[in-house]
Amino acid sequence: MAFYVVQFLTGLASAASLFLVASGLSIIFGVTRIVNFAHGAFYMIGAYIAFTLTERLSGAFGFWGGIVLAALAVALIGVIVEMVLLRRIYHAPELFQLLATFGLTLMVEDLVVLIWGPDDLVGRRAPGFKGAIDFFGQNIPSYDLFLIVLGPVVLGILWLLFQRTRWGVLVRAATQDRDMVAALGVNQKWLFTSVFAVGVFLAALGGALQIPRDAVHHAMDLRIIVEVFVVVVIGGLGSIVGAFVAAVLVSELNAFGILIFPKISIILVFLVMAVVLIVRPWGLFGKPEAAARKTPGLTVNPWRPLTSNERLMALAALIVAALLPLFAGNYLLTVGSEIAIFVIFAVSLHFLMSVGGLASFGHAAYFGLGAYGIAFLAKMAGLPMIVCLLLGPLLGCMGAAVFGFFAVQLSGVYFAMLTLAFAQIVWSIAFQWVNVTGGDNGILGLWPSSWAASPSRFYWLALGVAALVTVALRAMVFSPFGYALRATRDSGLRSEAIGIDAKRIQWTAFVIAGTTAGIGGALFAYLKGSVFPDNLGISLSVDALVMVLLGGVETVSGAVIGAIVYKALNIWLVSQTDLSKLVLGGFIMLIVVVFPKGIVGMLEMLAQRRKKASPPGSPLLAKPIESAE
Amino acid sequence: MSVAPPLLAVEGLTKSYGGIHAVRGVSFSLRAGEILALIGPNGAGKSTCFDMLNGQNMPDSGHVRLLGEEITGRKPREVWRLGVGRTFQITATFATMTVRENVQVALISHGKQLFNLFGSAPKFDRDEAGRLLELVGMSGYADRPCGELAYGDLKRLELAVALANQPKLLLMDEPTAGMAPRERVELMRLTARIAREKSIGVLFTEHDMDVVFEHADRILVLNRGTLIAEGSPADVRGNPQVQAVYLGEGLVYDSRHREGASA
């Protein structure tokens with residue numbers, strides 16, 4: 001019995017940090033409507049700076065002072081980020097905001113390694129809370145007890161701040177209607193900045209307070225951000241009480257889940273999240289969101305099928321690509337195959353994102369499932385390659401069918417967070433379930449059959465499948481289903497009023513996109529000869545998003561160009577520098593801020609401008625259509 | 001003699017929000033080809049009433065029947081399949097698609113081809129889409145992106161979309177709100193003509209009394225959630241209770257104000 005009580009208390013202690021970070025995210029979202037992906041990064045910087053300060057400053061005052069100073073320093077960094085980056089993208093679609101803050105996260109990951117090195121850092125223990133308390137023969141660290149008290153205290157302070165101060169009243173008002181608050185003469189700029197600073201302070205404090213419990217390392221940002229997303233999805237974005245209750249719930253599920261399913265404890269959290277989403281899609285304490293603003297903005301050029309001239313040009317490009325083995329060496333052909341595979345991956349996400357308006361932040365899950373499907377079929381069942389290629393993607397299809405069903409119940413940022421959480425769950429399973437997946441060691445020795453073994457043959461195979469997939473998905477854009485999907489993206493109200501079951505349409509699109517990604521993953525497994533958990537990791541999901549964005553999210557097939565350019569650049573970059581995340585993160589932010597229409601979007605705009613004298617402007621970055629409600 | 005059920009029969013429709021009774025026991029019926037206006041001052045419960053007819057909102061009690069079939073509480077998309085078209089107070093259209101594509105989506109849905117993955121949508125029922133656009137006078141705009149249209153044109157497009165499933169009943173929530181006076185007259189004349197030609201029943205809410213008295217066959221007057229009058233335009237115009245609701249409130253306020261001032 002005592003053991004369970006201790007387990008419960010450990011859960012409560014873990015909830016404290018989680019609550020601090022989640023409440024910060026919620027406050028920022030409530031006012032600025034930005035889902036701050038970089039929140040995990042701020043949490044991590046908080047921990048690193050606190051580590052350095054508590055090492056340098058001595059004594060109890062040095063420790064606690066160091067923690068608070070670290071959080072304040074990170075809050076200052078947050079202010080700079082808000083003023084330099086976020087102010088430029090408040091009016092951009094939410095997808096762009098998520099991506100920009102993700103780019104920031106990537107940069108921070110490389111920066112902390114650059115400054116503090118790649119090794120785990122073990123910090124000081126807290127003065128006054130070094131020992132453990134004996135509880136019927138079980139030890140409870142006294143620091144845990146401190147954290148257990150701290151959580152509700154912070155909740156109380158936040159409550160007072162929001163109920164009793166002028167600033168709090170403004171924040172609550174802005175959470176309800178920020179345009180109205182602006183109309184009443186409140187300086188919105190500084191309100192947003194201060195809210196962002198407070199949110200970041202909470203995240204950094206959460207990170208700093210972790211150092212006596214956990215080692216500080218450079219991957220802690222992604223781990224916490226996924227948990228935080230789960231917490232705010234369960235608790236409801238924008239609700240601080242919800243963040244508290246859900247943080248406790250998730251932490252307790254983790255604490256006890258490890259007893260029930262030691263290998264895959266994360267399943268339990270997922271099940272609870274699924275139930276909450278079915279019963280209350282907007283979270284336990286959240287409010288149903290008003291109709292979301294249009295994500296992709298207005299298209300200047302209505303989409304149309306290719307003219308016969310354009311078809312000939314595409315065919316010519318394909319023939320040129322098919323001639324590559326005549327003059328390229330094996331290394332170039334392998335690069336070519338990889339690019340072709342990423343074209344498949346990118347167009348599958350593009351279909352979901354541009355046509356369906358559903359920006360998945362976890363699309364790699366289905367790519368990776370396709371790869372693992374191959375590994376299972378080839379290694380365990382010993383099936384020949386052609387059979388594997390046909391059946392392997394079905395694992396991606398099944399994953400998409402299960403997760404997609406839940407994901408399409410939501411939209412906008414909730415959809416993005418949920419897909420990310422799902423992908424992370426799949427990743428955790430691949431990572432933890434060592435008996436089946438090989439864990440971190442992956443599954444090795446997957447080689448293509450002789451008919452596809454040589455680099456040139458494999459290249460032709462990858463190129464052929466990529467061309468087929470691109471044409472098929474493009475045809476679907478102009479099929480009755482494609483029209484229906486675009487309809488659900490443009491107006492849910494109107495779709496419903498003309499007999500369209502939007503959720504079923506979107507679910508179907510999700511399954512199509514997931515299966516297609518699975519095809520890419522299947523080929524990827526054969527290209528690399530192995531499968532690793534990274535094949536379904538977050539960075540791969542973001543690669544896909546960047547490829548779509550780079551090509552142009554408003555175009556029909558821009559993702560093809562985006563994938564080619566991005567992947568070629570990426571392969572070259574990784575060969576040139578160790579700081580690829582830093583460069584990549586900066587690159588993502590650059591695209592979002594100055595180049596939001598992507599390559600193909602830019603070309604279309606230039607062509608249009610040549611045709612007409614009047615410039616069409618940039619509808620993506622133009623103010624979202626303010627609905628009159 | 002067997003009496004055919006009316007196109008739309010509403011019986012004892014009731015809805016409260018918290019302690020506020022938005023709609024209380026509203027009953028009326030509508031014949032095919034009839035144009036019925038639902039009017040009342042702001043806050044009378046028109047929109048709530050309206051949203052309950054096609055499943056946009058759930059009534060607390062009461063019945064809505066379409067040709068005798070119970071449709072209370074059905075989802076909007078199911079009600080549409082039974083032949084009820086709807087336009088919105090604030091237009092809802094597919095902004096990134098062209099005018100013709102907007103109509104084609106409705107036709108695709110009507111033809112139950114929503115899950116057709118490999119057909120050609122641009123060619124889908126192109127002629128029928130053209131006819132519908134012709135009917136509402138939008139032929140010239142067929143290839144324009146819907147996001148570029150003027151508000152009055154969007155309203156006409158909505159009408160074409162609403163007609164795509166050959167509805168028996170059209171629900172139009174403030175069809176002329178936000179339009180210029182001349183556009184209002186044109187749109188309502190068009191609606192009235194189509195309704196008579198195709199024998200479609202039309203129920204609309206409206207603030208513009210000129211529009212109401214010119215086009216409605218019959219008028220329902222709603223005040224504080226209850227129907228206070230029903231009849232031909234002439235009847236309603238002469239009804240003292242209606243006059244009190246529309247003209248009297250200012251007087252009531254005035255007299256109170258004066259009492260307060262003298263006290």
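I began with burial in chain A, and of its 629 residues 55% count as buried, where buried means that 20 or more other C-beta atoms, placed from the backbone, lie within 10 Å of the residue's own. I noted that this is a predicted model, in which local features need pLDDT of at least 70, side-chain atom pairs count only at pLDDT 80 or more, and totals for chains, interfaces and linings use all residues. Residues are numbered from 1 along each chain as its sequence is written, while chains are lettered from A and ligands numbered from 1 in the order in which they are written.

Next I looked up the overall form of chain A. Its radius of gyration is 25 Å, which agrees with the value near 25 Å for a compact globule of 629 residues, the radius being taken over C-alpha atoms and the rule being 2.2 Å times the number of residues to the power 0.38. Along the principal axes, the C-alpha atoms of chain A fill a box of roughly 75 × 60 × 50 Å.

I then turned to chain B, which is divided into domain 1 (1-83 + 168-263) and domain 2 (91-166), with bounds from an automatic or database domain assignment. The C-alpha centres of these two domains of chain B lie 27 Å apart. Their contact takes 12 residues from domain 1 of chain B and 10 residues from domain 2 of chain B, two residues being in contact if their C-beta atoms, placed from the backbone, lie within 7 Å.

Conventions. A residue is buried if 20 or more other C-beta atoms lie within 10 Å of its own, exposed if 12 or fewer, and partly exposed in between; C-beta atoms are placed from the backbone.
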